[in-house]
Every structure is written in C-alpha cells, then in structure tokens.
Amino acid sequence: MMTEQRFHPLNLLRAFVRPIDPVLLAILAVLLGASFLLMMSASPERLENQLINTGVALCAMWAAARLSPQRLLSLAVPLYLVGVVLLLGVEFFGETTKGAQRWLDIGITRIQPSELMKISMPLMLAWYFQQREGAINLRDYLVASMLLALPVTLILHQPDLGTSLLVAGAGLYVIFFAGLSWKLIVPVVILGVTGIGSIVIFGDQLCQPDVDWHGMREYQKQRVCTLLDPTRDPLGKGFHIIQSTIAIGSGGLFGKGWLEGTQTHLAFIPERHTDFIFSVLAEEFGLVGALVLLGVYFLLFLRGFHIALHAPLLASRLMAGSISAIFFTYAFVNMGMVSGILPVVGVPLPFISYGGTALVTLCLGVGILMSIHRHRASSPD
Amino acid sequence: MTEFRSPDQETKGFRHRVVVALLFILACFCVLAGRFYYLQVVRHEYFHTRAEDNRIALLPVVPNRGTIVDRNGQLLARNYAAYTLEINPSRVRRLDETIDALAQFIDIQPRDRRRFRKILEESRNFESVPIRTRLSDEEVARFVAERYRFPGVEVQARLFRDYPLGSVASHLIGYIGRINQRDQQRIEERGETANYRGSDYIGKAGLELSYENELHGTTGVEQVEVNAGGRAVRLLARQPAAPGNDLELTLDIELQKVAEAAFGERRGALVAIEPSTGGVLALVSMPTFDPNLFVDGISTQDWQALNDSPDHPLLNRAIYSAYPPGSTFKPFMAMAGLESGKRTLEQRMPDPGFFVYGGHRFMDHKARGTVNLHESIVVSSNTYYYQLANDLGIDGIAGFMSQFGFGSRTGIDVPGEAEGVLPSPEWKRRRFRTPEQQRWYGGETISVGIGQGYNAYTPLQLAHALATLANGGKVFRPHLVRHVVDATTGERRAVAPEPVRTIPFKPAHLEAVRKAMVEVNKAGTGARAFAGAPYAVGGKTGTAQVFSLRGQRYVEGKVAERLRDHSVYIAFAPAEAPTIALAVLVENGGFGSQSAAPIARQVLDYHLLGSKPTQPASEDEGAEENQ
C-alpha cells in the first residue's frame, strides 16, 4: 500500500494516523484532559509525571492499534504463559510492599505481572473460544474457567483484591459474551446477590473481631466491615470513606470550583491523586461534573460495544466486548467505593487516576479496540 | 451448550448479550447517579457543614495572666517568655526513644522525664506536654537544626509565671500549676471550659487561687483553616485575648520582709492590718517555701521535702492554725465587762492571787490586794478575769466576742481560712458526741476568761479583732487586694473599702482599754520590748498553753521544746490614730514578752520609723514571766 510516494510527509502522517479511531480518541482526549485538570488541583507536582505516563500509554495504544487482531491472537498463548510464569515468580521471589507481594524485579525495572493479566487473560480466552468456534460446549466453559482461575487465584494470594477482581471480571465477560447459558448465569447471580445481601444484613455479627472469614485476609474483612459502617473506625480505616463522601456531598450541584475544593487542598481526601481522584472531581465540579463524567464513560462503552458488534471475528467480538465491560468495571467499582456504596478495593478511576501502569494497560485496551475497529471489514488490509 | 450453531445465530446471541450488558451498565450508572444526587443535593447541607468543620479550627489564644504588685507597686508575681520543648504524644509513637534521641543534644534530666510522665498522666487531652522548660538560646538553635528528625516535637514560646521574691509572702501570693483533672472538673462545673481551652495553668493556692477569675483573663479565638494533619494553613479571623486583671495589694512587701526576717528560724505567724480599711499590711507564716517550685510541676523530692518537714512550711499558720490567745484575750474581756455593765472603770476587785470556783483554786502569779480594770490589763491579772468570766457567764462571753469575729471566718480574700473555736455550750454540743462530753462545766468558763481552755483563734482573727478595737468598732472584711486593675482600660476597682458593720461601743470604754494597753508597753509586760520607742503603742502580751500543767508551776526548760508555750503579742500604733494593728504568734516561743513582743517591735519600728533591723528579733531572756 505504501509503495508510491513513500517519503511524502503527508503519506507518512496518513500511515501514522490510520490505525487511530477518531471517536475513541476524542473520548480518550476528554478523559485525559479531565485527568490533567484534576491532577493540577489534587497534586500539581505530579502533573509532569502524568504527562509522561500519558505519552507512554498513547504510544502503547498506537502500537496495539497497528497490530491486526489475528496478530494479537497469535500472541495470546505466549503472553498468557509468560504472565502465569511471572505470577508464580512473584509468588516465590516477589517484593513485598505495603503487606502485599505484587512486584517482580527483573533487573532493569520492577514489573507488576498481575497488570499484564488484565489484557492477556481476555485475549487468551478469546483465542480459546476462537479455536472452538461453532462447537462450543459445556466442557469449553469449564476449560475457560480453569484458565481463568489459575492467575486469579495467584493474584488473590498476593493479596490484591482489586486486580484479581478486574482480571476475573475480564475473563468472566469473555465467557459471558461467548454465550454461557443463562441457566448457569442466573443461579450464580442470585447466589451472589443473596450472599452480598446477607453480608449487609448480618454485617454486625460478621464483623465481630473473633469471626474468621474463611479465605479472606484480615484487611479485606476490615474493608468490607468499614464499608458497612464507616463510623466504627472514623480515624482509621473509615476515615477515607467518610472524608471522600464529605468531599462529594459538599460539592453540591455545581461544585466549589476548580482548585477551590477545601477537602482536596487541605489534604482531607486520602490518595486524592490516585484511587480517590473522583472525589476531587465531585467536590470541585459538583453533581454536574460527576454526571458529565458518567456520560463520557457511557459513550466510551457504547463505542466499545459498537466496535464489538461490527467485528467479523468471534475472538474480536469477545475481546472488544470484554474490554468495554472491563472499562465499566473500573469506573463503577472506583466511583462506587469513593462514594461509599462499594468496599475500598484499590481500583483506579480509568484514564484519570495517577499512575503509569494502569494507564498503559487501559490504553492498550483502547488500542486493541481500535485495531478491531479498523479490521471490521472481513478482509485484513 | 448448543452444538453446531450457525454464525448468524451466534451473532444474534452476541447482540442480545451486548444489549443485556448495556442495560446492566445503565442500571449501575443510574445507581451511581442516584448516589451522587443523594450526597450532593439531598444531603448537601450536611456535608457542606461537615467540610467547613473539617476546614476551620478555632484555636484558643491564651491571655496573659495578670500581675500582682504590692501597695507600692513592687512586683510579686509576673510573667516572662521562655522556650519550652514540647512533645505531642498523639503524634509521636515511641516516646522513650524520642526522648532518648533528644537527650543526645539537649540536657534532659531524669527529673524532667519524671515530670513529663506525671504531666502526661494528668493531661486533659492530647495536648502537647513539655519535656524541658526554659531552654537556653543555644539549645533552641541545636533543636531547630535537628527538628526534621522529630515530627511531633516542637519548641514553643510560652509565658511562665515567676515569683521574683521567691519565698517572701509565698503563703498569701500562692502559686499556679498545671491544670490537672480535678481542676478541669472545677472548670467544667463553673462553666468556664471555653475560657480555659488552651490554658495550661491555673491558680492553685493563695491569691493566685482566690483571684483566678480576675487574673486569668479572657481567652481569644483564632479562626484558622487547617489541613488534615491539623496544621494551621491560613488565618481567617482573630478575636484577641483580653489579658487578666492585675492585682494591687494592700500588702507592704517591705514590711512583710522585715516581719519574716524578724522570725529568724522560729515558726509562727504575724498578721498586720490597717485598722482604717481592713487592708492587710503583712501576713506572715513561718517557715515559708519557694512558690516557683510549683510552677512547672513540683518534683517528687521537693514535694516530699516540703510535705514531710516537721515545720510544715506549706501550712499557712496565719489563717489556718488556731491557737489559744492567752492573755491577749483580756482587753476584749475588759470591753465585755464594761459594755455589759458588769464592771465599771473605777471598780476595784479583790486579787488574793487566786480564784476559787467549785472547790477548785484557779491560780495567779501573785497576789495584788485589789486591782481595777486599767491595772488588770497592765499587770495582766488573772484573778480579775476569772471573776469577770464567772460574772459574764459563758453565753455572755461568746455572745460579745462573736461581734469581733472570733470563732468565725473573717472572709479574707485568700483561701484556706479556719474558723477557730469560740467556746460555748452550743459549740460543745456540736463538737462532741456523748452527753458527758457535751456538758458545759462552770470551771471551763473561768479558763476561757483568761484566753485559755477551748479558746482557739487564728492570728488573723486576733489581728482582725484588735483592728476593730483600734478603729472604734468598725468591722472590715480583711483583704489583701486593694484594687483590681483592669489591664485594658486601667480602671481600678476597690475591694471591700466599706465596713461590714459597726459595733456601737461606748467611746469612753474603748478609750480606757486602749489607754491601759498603751500602759502595758510603758510600765507593764511589754515595757522591756518597747523601751525607748519614740511612738506610743498599745499592746498586750499573751502565752498560749500547749501543755496543760494542771495547777503545777510552769518551769521552762523542764518541758521539751515542742511543748513550750506559744508566745503571743498584739499591738496597735500609733496609739492616738492607729495605722497598724498586729498579732504575732511564735510557736513554742515561751511567754508573750519573750519572743513575740520583740518581733512586733521590729515590725512597728519599720512601719512607723522606716528603720530596718539588721538581725532577727532576739528572745528576751530577762523578760518577766507572765501570761
């Protein structure tokens, strides 16, 4: 395609922008712009870093967008295997920070293999279902579940509840979109809802100090219990939730104005540049700002599902659907926890929270969506 | 599940699931939007208030405590600024390690550590607690260079209370100390919690305690914006503190010094009152103590030393210890005789040297044939007053004496005053429990007549009664504070300038008793002590019995020092128009003319002539033995 006028600058530019989906890019630009605005308010000294992070993440997005879905799928198995091996490495040789083993020092830099799993997990399952296209049966769902369970268990064991939730979510979405029977989904959902419901109702008894929650770490139990009743520990673990709800509530309809949030600027909001950045938005831009953000996110999901619906390949559909759904999961869990309706599990606000790793992962996801979109015609270019 | 699905079917199924997913997402976002609406619109007011409460802190501005000066403006209690090293226990995790680290470049003694622990236990909330006070400039500089290593440790400029004269007049000035839990309770009961927010100190004794309300001042408020760490970021509004009022005393501190010095090593008390106003010129209790020891929290050793001393230096003998007045009671008895009509001025009574009542012989020093009222005071006849007491009866005595304030608190403006004992059948019924003990015996009345028996008055009550006698019957409330001076406006408020009541004595009776008292110092028991005095002074010696000798003759040297009688003396001068009335008591000082009168001489010489003695008043070894 690029035979004539090879060195014409316009052609070069065209080649450069061709992988980019303008709609996704526009949505992304709004979210990243919001991120910079909020960063200037919450933690101006980190703005420069976040700009660099964004640059790197956009490069990753562009690179992913340039690859064809088929090429991506060919990477599924190796990426998955490397991911599992690295997770095992973390399990045995990982570095411990803040009571959890998440990092692996590979000489040049420290990496967080669980982050890689957010992409390679759905990719792996999409590849698997692609192989079984047309003949998917119950056994395939079982295999997929096992492929999913291994890394999720390892991440949960680090322990990192937030990431394991996202990885599990990414995998489950693939399984869901692959057509798992409603007869199986409905009972599981009912079981989950009653489970959570009973925790809420019997929270007081369950949160007694001598009650051991099987399979859960003490800090996870504390987080759930604090969510059920933040006032039980107003200066300790409940402080985050109380202060962030105060920030949100005090924002009112139109907010206190950019750079005017007292909760933000007087450091009452914990982790205000990372997980709790939404409360900065809600404090300074009010309900209007929060609803606009919900709207922009919703546009992102709509675009993602639109791309999924128009993808010719089963694996592409599953990938696009799963990626869109996982964006939603990020957004919902984060805003839910900051506003006090979900436990604090350490999930960033997608495209807005400070932090390079999560941003690169998210932009890789966008890149894959773009790639799928560009290859919506049945023949690859 | 479905095997061999066609691609079309599969796409349709996928489309369905996307729709379901979108509906689910929409539902979840609606929940979020609902939650935001609830927080930001429905409960906005509440959270707005919470955010403002978070943001704004009211910091107390501690007022400067009022100063205390004597009648001539000499400073008795003042404030000075000094640096303290303070630790905020809520922000320092390992206290001991932190203190060890600080001790490497700041002198921290085991005493400082103990005091720190004590204050920490007593502290009201998570306020900062001083580990060292009065840092030198060099120490401040050394800490500032290392401060980054010590979060939660700070150097603060604080005002300290200082008593520049040390132990002089310590009982009446009192002292302040750190507010402990008991003080906190009192503050709460008085509803002063807000005014004491930020105050570390409160009056604990003396005037510092009784005038706490005046001295403390009104705490100001700084409205500041604080961050989550509690640090003030910005001043929003400020209401300055109103400094405490200053106290200007009636006390003449130079007179006080002379009086204290006159006691030397002896224990006792002296109270001098200005008869025309009731103002206290000197209030001495010996031995004294250094009130500066208490300001930073007294160390255990110092406390034990003060508390365990057999001399009880913390005891304010002038207002709390009650002693029998001995013969100093006689001028008052004489007034009772005259006012009741039981005696006339001319009337001569037989004095055989004893008085018999109920078969018991009440002894006197010698037989004088007959004595009249004037002579009875000058020679201090016991027999005359035995008879008079018998004629007046106990109720008559108690009724008359209560007018002078004997047996009731004078209402002086320092705390801790004792009532003393004005004996009466009614008092006995209150005091004792068995009917046998409660019964009043006629013989007891006889002893009361010469100031012995159950009689027990504080030196203050004695001086107060004498001042009333000296000024013609006007009863003032004795007071140490002449003016409360408003620190901001300079307005001076007088304390108790009006007499509480006036006793309608016949002037002739007063005149006669006062004249007899002047004669005491010319020809009587006080003559040796006042030999050569260029002013006329009325006085009366007395001896307070410590040890009942049951009729045996008292031989000095045969009883242990602590069982020796107390020496008492009262005097007013100048006799024509008294400007001072005083009572002196020297514990175990023997009889009145021996120890107490020479002290009174030094005090009066200074007050009237301005001459300062060079050494403590010596005991008059040759003084005539008398009561």
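This is a predicted model: local features need pLDDT of at least 70, side-chain atom pairs count only at pLDDT 80 or more; totals for chains, interfaces and linings use all residues.
Residues are numbered from 1 along each chain as its sequence is written, and chains are lettered from A in the order in which they are written. Local features need pLDDT of at least 70, and side-chain values use heavy atoms, with hydrogens and water left out.

**View 1. Ser327(B), a residue annotated as "active site" in an unreviewed UniProt entry.** Such annotations may be inferred rather than shown by experiment. Ser327(B) lies in the loop between α13 (317–320) and α14 (330–340) of chain B, where helices are DSSP runs of H or I with at least four residues, numbered from the N terminus. Ser327(B) has a relative accessible area of 1% and is therefore buried (under 20%, with a 1.4 Å probe and protein chains only).

**View 2. The packing of helix α3 (residues 47–66) against helix α16 (residues 356–374) in chain A.** The two axes, which are lines fitted to C-alpha atoms over the stretch in contact, are 7 Å apart and meet at an angle of about 30 degrees, so α3(A) and α16(A) are roughly parallel (angles under 35 degrees). Among the residues making the contact (heavy atoms within 4.5 Å) are Ala57(A) and Met61(A) of α3(A), together with Leu364(A) and Ile368(A) of α16(A).

**View 3. Leu236(B) in strand β9 (residues 232–239) of chain B.** Strands are DSSP runs of E with at least two residues. Leu236(B) is partly exposed, because its relative accessible area is 33% (in between the limits of 20% for buried and 50% for exposed). Not counting residues up to four places away in sequence, Leu236(B) touches Arg55(B), Ile56(B), Gln223(B), Val224(B) and Glu225(B).

Methods. Axes are lines fitted to C-alpha atoms, for helices over the stretch in contact, and angles run from 0 to 180 degrees between N-to-C directions. Angles under 35 degrees count as roughly parallel, over 145 as roughly antiparallel, 65 to 115 as roughly perpendicular and the rest as oblique.
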